[in-house]
Amino acid sequence: MKADPRGVLTGVHFLDGDHACCEGALAAGARFASGYPITPSTEIVERFAARVPTVGGTFIQMEDELAASITLQGAVWGGAKAFTVTSGPGFSLMMEHIGYAAMTETPCVFVDVQRGGPSTGLPTLPAQADMMQARWGSHGDYEIIALCPNSPQECFDLTIKAFNLAEEYRVPVMFMMDEVVGHMTEKVVIPPADQIEVVPRRHTRKPLGEYLPYQTNGDMVPEIAHAGEGYKFHITGLTHDERGYPNMTPPVQDKLVRRLQNKIRNAADRIALYEEENLQDAEVVVVSYGITSRVAQRAIEMARAKKLPVGKLRLITAWPFPETKIRELSAYVKAFVVPELNLGQMVHEVERAAAGKARTFAVPHAGGSVHHPEDILKVIVEACR
Amino acid sequence: MSDFTNPVEPFLRTDRMPHIWCPGCGIGTTVNCFARALIESKIDLESLALVSGIGCTGRVAGYVKLDSFHTTHGRAIPFATGLKLANPKLNVVVYSGDGDLSAIGGNHLIHAARRNIDLKVICVNNLIYAMTGGQTAPTTPSHAITSTSPYGTCEPAFNLPHLVEAAGAVYVARWTTFHVRQLARSIAEAFNKKGFSFIEVISPCPTLYQRRNKLGDGLDTMKYYKEKSKVKHGAPTSEVGLTMTGEIIVGKFVDRDRPDYQTMVRAQLTESLGDRFVEQAEMVCS
Ligand SMILES: Cc1ncc(C[n+]2csc(CCOP(=O)(O)OP(=O)(O)O)c2C)c(N)n1
Ligand code: SF4
Ligand SMILES: [Mg+2]
């Protein structure tokens with residue numbers, strides 16, 4: 001399906017990442033956002049609040065993030081494509097509802113413009129320290145998808161992708177920006193609507209009476225119905241059967257939770273997006289994502305200028321972790337170097353996937369600024385030895 | 001359908017019976033009144049959605065044959081807000097417990113009333129957190145014994161009608177589970193009202209509240225409701241606070257008109273944006 005042209009601001013723009021993310025959401029068909037102000041994410045909903053009444057939709061500023069993170073889910077069941085936007089402290093408050101979205105299979109997008117933590121931390125300065133929280137922050141076993149843009153252009157393009165993945169897998173998608181990407185201004189090209197692919201909701205075509213909210217048809221993802229259409233369905237965060245009815249027995253729990261996990265895990269290779277350079281002859285691979293990938297790029301160029309055999313793997317999908325790719329690489333490379341704006345998060349995934357076949361070097365940074373390319377270079381040199 | 005079918009049966013998910021509620025519990029009575037209100041108001045059931053939080057009362061969502069959402073503890077109102085805003089044609093009812101709506105969800109309660117979101121809130125007030133075993137709630141009357149106040153509470157209890165009136169609700173009523181006709185009528189009346197409506201139903205939890213406080217069983221509580229309730233329509237809500245064994249003021253306390261949230265938003269955007277304002281179309285994105 002092509003994008004609804006009313007939401008698409010076709011043209012060449014000069015936008016920061018936050019504003020580009022908002023345009024991506026509108027292009028993807030999002031017509032509802034609920035939010036609570038928090039730096040450095042607020043510009044996304046500020047723009048949405050100004051833009052959405054001119055394309056037909058709603059923004060509501062809620063009383064807190066506990067509300068914002070479920071108001072959008074009510075809107076989804078009312079038929080809208082919807083998202084919410086926050087940063088660390090608000091993201092922490094949203095965790096229960098990420099679990100609710102995962103359990104009820106509510107397609108929606110949570111944008112987290114990461115800043116330094118813990119707690120109030122560094123409100124105006126960058127970090128990438130919510131990566132594990134995005135994956136594991138709510139209780140229980142579940143899977144989500146997380147994307148990491150590294151430029152305003154990608155904030156536009158990947159926000160559309162985030163909504164599309166949310167619809168395809170009926171899963172909450174975490175859009176993991178950071179303060180620098182959110183606030184840097186660059187050229188953003190917004191294509192015509194007929195060049196933007198939008199995934200429609202998996203709406204049921206079953207007649208009333210035949211529809212079961214959580215019946216899957218072989219492909220692991222059930223069809224959805226909206227309130228007010230006559231289906232009279234029931235949705236609960238309790239463990240439920242195909243009818244959506246609570247059924248709190250170990251076999252039903254096992255079937256449901258495994259499906260919620262496997263619908264994403266089994267599709268991990270299809271969901272995985274990454275950018276690679278010079279991997280054929282690499283002995284050392286720098287694995288990075290988000291803003292850090294741009295600093296890493298510089299470090300890689302410096303290393304290659306010194307004739308060091310370094311390649312680049314930039315993660316665009318952080319979750320599900322693209323472990324097949326790391327496993328393949330670890331069969332022939334010597335080491336991975338993983339710079340990130342935290343004291344070690346995704347590096348553990350790299351290490352796990354490498355399974356001892358290649359060494360893993362972290363390049364930690366507590367946040368507040370980006371790395372110096374030299375600091376990454378130093379570790380590359382060490383890893384090449 | 002035989003002549004002996006209970007008239008409320010078509011409103012229930014009979015395939016989910018028996019329900020989990022204890023004998024003598026008041027929640028089932030309120031559901032009966034709700035169903036009767038639906039019959040009385042001839043409301044279109046296909047455009048009616050019901051949202052609950054978590055608790056014994058929160059289970060109502062699972063028993064009504066409507067589009068029904070059992071959400072998270074305290075968050076029924078914000079979920080319902082999103083549902084209503086995305087599809088304004090829906091009639092959205094929030095059906096939940098006193099703890100859910102006024103403690104963990106208290107912030108949402110006052111802000112929804114302030115915004116005057118068009119929601120019908122039915123609050124079953126059993127004066128306790130029942131689902132989790134009878135702990136103190138913000139509605140528990142002073143001195144009552146609960147599992148977490150074994151020597152009696154010392155906190156003053158919330159007067160919910162007063163709270164929601166102050167916050168901006170356009171319709172506020174209170175009944176007990178003894179007042180089945182009046183309750184059904186109030187619910188039907190709220191359906192004809194645009195804006196934030198709040199109906200409190202004082203309801204027994206014989207298993208936990210009445211037993212611990214030696215207030216007898218379900219029947220004794222009905223007697224108490226009958227004898228100690230006083231109907232005072234339009235009573236100042238500041239004067240309807242509850243005590244453990246005292247008078248229960250019931251009735252319709254507030255019935256006033258002010259534009260609901262969506263009407264205000266539309267007016268504001270039309271004024272500010274003129275031709276550029278695009279009325280929210282059907283959002284349904286299938
Ligand atoms: C976030 C969260 N905290 C606590 C609980 C546990 N819990 C479930 S129901 C409940 C209280 C419900 O009380 P009330 O809303 O008065 O409903 P009742 O059971 O009395 O009808 C609590 C504390 C929960 N489910 N979720
Ligand atoms: S515990 Fe109390 S409120 Fe819950 S079902 Fe039993 S009587 Fe009703
Ligand atoms: Mg209660």
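**A sheet in chain A**

Mentor: Happy to! In chain A, 5 strands make up an open sheet with mixed pairing, and their order is 11-13-12-15-16. Keep in mind as you look that this is a predicted model. At the edges of the sheet you will find strand 11 (274-277) and strand 16 (359-363) of chain A, each of which pairs on one side only. Going from one strand to the next, the twist averages 20 degrees.

Now look at strand 12 (residues 284-289) and strand 13 (residues 310-315) of chain A, which pair in the parallel sense over 6 bridges. You can pick out one residue pair there: A:Val284 has A:Val310, in strand 13 of chain A, as its bridge partner. Helix 14 (residues 373-384) of chain A packs on the sheet, where it touches strand 12, strand 13, strand 15 (335-339) and strand 16 of chain A. The direction of helix 14 makes about 165 degrees with that of strand 16 of chain A.

Let us step back to the domains. The assignment for chain A gives domain 1 (5-195) and domain 2 (273-384), and their C-alpha centres lie 26 Å apart. Their contact takes 23 residues from domain 1 of chain A and 21 residues from domain 2 of chain A. On the side of domain 1 of chain A that touches domain 2 of chain A, helix 6 of chain A gives the largest share, 4 residues. By class, that side of domain 1 of chain A has 17 nonpolar, 3 polar and 3 charged residues.

Key. Residues are numbered from 1 along each chain as its sequence is written. Chains are lettered from A and ligands numbered from 1 in the order in which they are written. This is a predicted model: local features need pLDDT of at least 70, side-chain atom pairs count only at pLDDT 80 or more; totals for chains, interfaces and linings use all residues. Two strands pair if DSSP finds at least two bridges between them. Helices (H or I, at least four residues) and strands (E, at least two) are DSSP runs, numbered from the N terminus. Axes are lines fitted to C-alpha atoms, for helices over the stretch in contact, and angles run from 0 to 180 degrees between N-to-C directions. Two residues are in contact if their C-beta atoms, placed from the backbone, lie within 7 Å. Domain bounds come from an automatic or database domain assignment. Ala, Val, Leu, Ile, Met, Phe, Trp, Tyr, Cys and Pro count as nonpolar, Asp, Glu, Lys and Arg as charged, and the others, Gly among them, as polar.
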